[in-house]
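Please prepare a briefing on the structure shown here, with attention to helix packing, salt bridges and individual loop residues.

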Amino acid sequence: MQDDDTYIKNIRSAGNILKIVKEESKKLVISGYKVIDLVEFIEKKVIEMGGLPAFPCNVSINSIAAHYTPNLHTDLTLKSGDYVKVDIGCHIEGCIADTAYTVKVDENDDDLIKATQEALNNAIAAVEPGVKTNYIGKIIEDTIKDFHYNPIKELSGHGLKPYILHSGVTIPNYNSNVGSKLKEGDTIAIEPFASTKAGKLKTSEEVYIFKYLQDRPLRDPNSKKLLSIIKQNYKTLPFAERWLEKDYSNLKINFSLRNLIRSNVIYPYNVLLDSEGGLVSQAENSLIVTSSGCEVYT
Ligand code: CO
């Protein structure tokens, strides 16, 4: 276990990497650019700068709300007018920074994008020790509704702990009425989502992102081998099928992953869609609660 000073040093370094990767990657969110090239650019840049991806780069377009990342041979290309949500994670020795932005391809930020940016800024301005998480949620909900959109209540901000992307506290995107109090030293990610419809989600059958849950007896030798690779490389952090496709195609990746899900060894992050086809925007930053407020480190 690392001490608090090492933890803070590492999250700041991870956050500094993301600040740069975020700005550089925005230049590639243009019509005609391939989504596979965008995620590969981002993850490669994170590694070049001394971090590791804390989760696969998510590029969720239009009414896809979250959890989409392409496979290696996916042909998906960005189109003019697409709402592209880019969610990026970086960790250093498990210390996580998590950030996201939305771009409308070839256009300036519009109200849908501003709604989540402003909700995030207003939420961050309210963070200090003792503030309740549902109060932060109320600020997010009120801001998004001022723009005449709806928050996605089924998605929320989250606590960050070493090697655990969603830990402890939940930061709702609405006034959930019950909440817990933030404490000095808490590290959290706040991530408002806004929808042009009611903001209800449905779960797609499609899944490209997974995480290790627990060991269970396995018979299939490929699945066993794949599991040991997953545990060694990603520990308890989310990983992409794409990451395994590169080096382990001999292990029948798609079949083995499905077998591991069925055996309850790995958890599938199914792609999440706006149930009414609403367009979705997202903004996210990570922060540490300080004695007088907070320090945003992404
Ligand atoms: Co997050």
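Helices α3 and α4 are roughly antiparallel to each other, the label for angles over 145 degrees, where under 35 counts as roughly parallel, 65 to 115 as roughly perpendicular and the rest as oblique. The model is predicted, so local features need pLDDT of at least 70 and side-chain atom pairs count only at pLDDT 80 or more, while totals for chains, interfaces and linings use all residues. Residues are numbered from 1 along each chain as its sequence is written, and side-chain values use heavy atoms, with hydrogens and water left out.

**Helix packing**

- Helix α3 (residues 111-126) packs against helix α4 (residues 133-146) at an angle of about 150°, with the axes 8 Å apart; the axes are lines fitted to C-alpha atoms, for helices over the stretch in contact, and angles run from 0 to 180 degrees between N-to-C directions.
- Helices (H or I, at least four residues) and strands (E, at least two) are DSSP runs, numbered from the N terminus.
- The crossing of α1 past α2 is right-handed, and I17, L18, V21, E24 and S25 in α1 meet L38, F41, I42, K45 and V46 in α2.

**Salt bridges**

- Over the whole structure, a search finds 14 salt bridges, each defined as a side-chain nitrogen of Lys or Arg within 4 Å of a carboxyl oxygen of Asp or Glu.
- One of them pairs E40 with K246, whose closest N and O atoms are 3.1 Å apart, and it links distant parts of the chain, since E40 sits in helix α2 (residues 35-48) and K246 in helix α6 (residues 241-247), 206 residues apart.
- Both ends of that pair count as partly exposed, E40 at 23% relative accessibility and K246 at 44%; buried means under 20% relative accessible area, exposed over 50%, and partly exposed in between (1.4 Å probe, protein chains only).
- K231 and D215 meet through their side chains in a salt bridge of 2.9 Å, N to O; because K231 lies in helix α5 (residues 221-234) and D215 in the loop between β10 (201-212) and α5, the pair ties together parts that are 16 residues apart in sequence.
- K231 is partly exposed, with a relative accessible area of 31%, and D215 is likewise partly exposed, at 47%.
- Salt bridges that share partners join E40, E43, R242 and K246 into one network.
- K104 forms a salt bridge with D110, the closest N and O atoms being 3.6 Å apart, and both K104 and D110 are buried.

**Loop residues**

- D106, in the loop between β4 (95-104) and α3, has a phi near 65°, a positive value in a residue other than glycine, and D106 is partly exposed, with a relative accessible area of 43%.
- H148, in the loop between α4 and β5 (150-151), has a positive phi of about 65° although it is not a glycine, and H148 counts as exposed at 72% relative accessibility.
- G185 is placed in the loop between β7 (164-171) and β8 (187-190) and is partly exposed, at 42% relative accessible area; not counting residues up to four places away in sequence, G185 touches I288 and V289.
- N250, in the loop between α6 and α7 (253-262), counts as exposed at 56% relative accessibility, and N250 lies 8.5 Å from N222, C-alpha to C-alpha, although the two are 28 residues apart in sequence.

**Annotated region**

- An unreviewed UniProt entry lists residues 10-195 as "domain: Peptidase M24"; UniProt positions are given in the numbering used here, feature names are shortened, and annotations may be inferred rather than shown by experiment.
- Over residues 10-195 the chain is 33% helix and 30% strand, and the end C-alpha atoms are 34 Å apart.

Technical notes. Left-handed = near helix turned anticlockwise from the far one by under 90°. Contact = heavy atoms within 4.5 Å.
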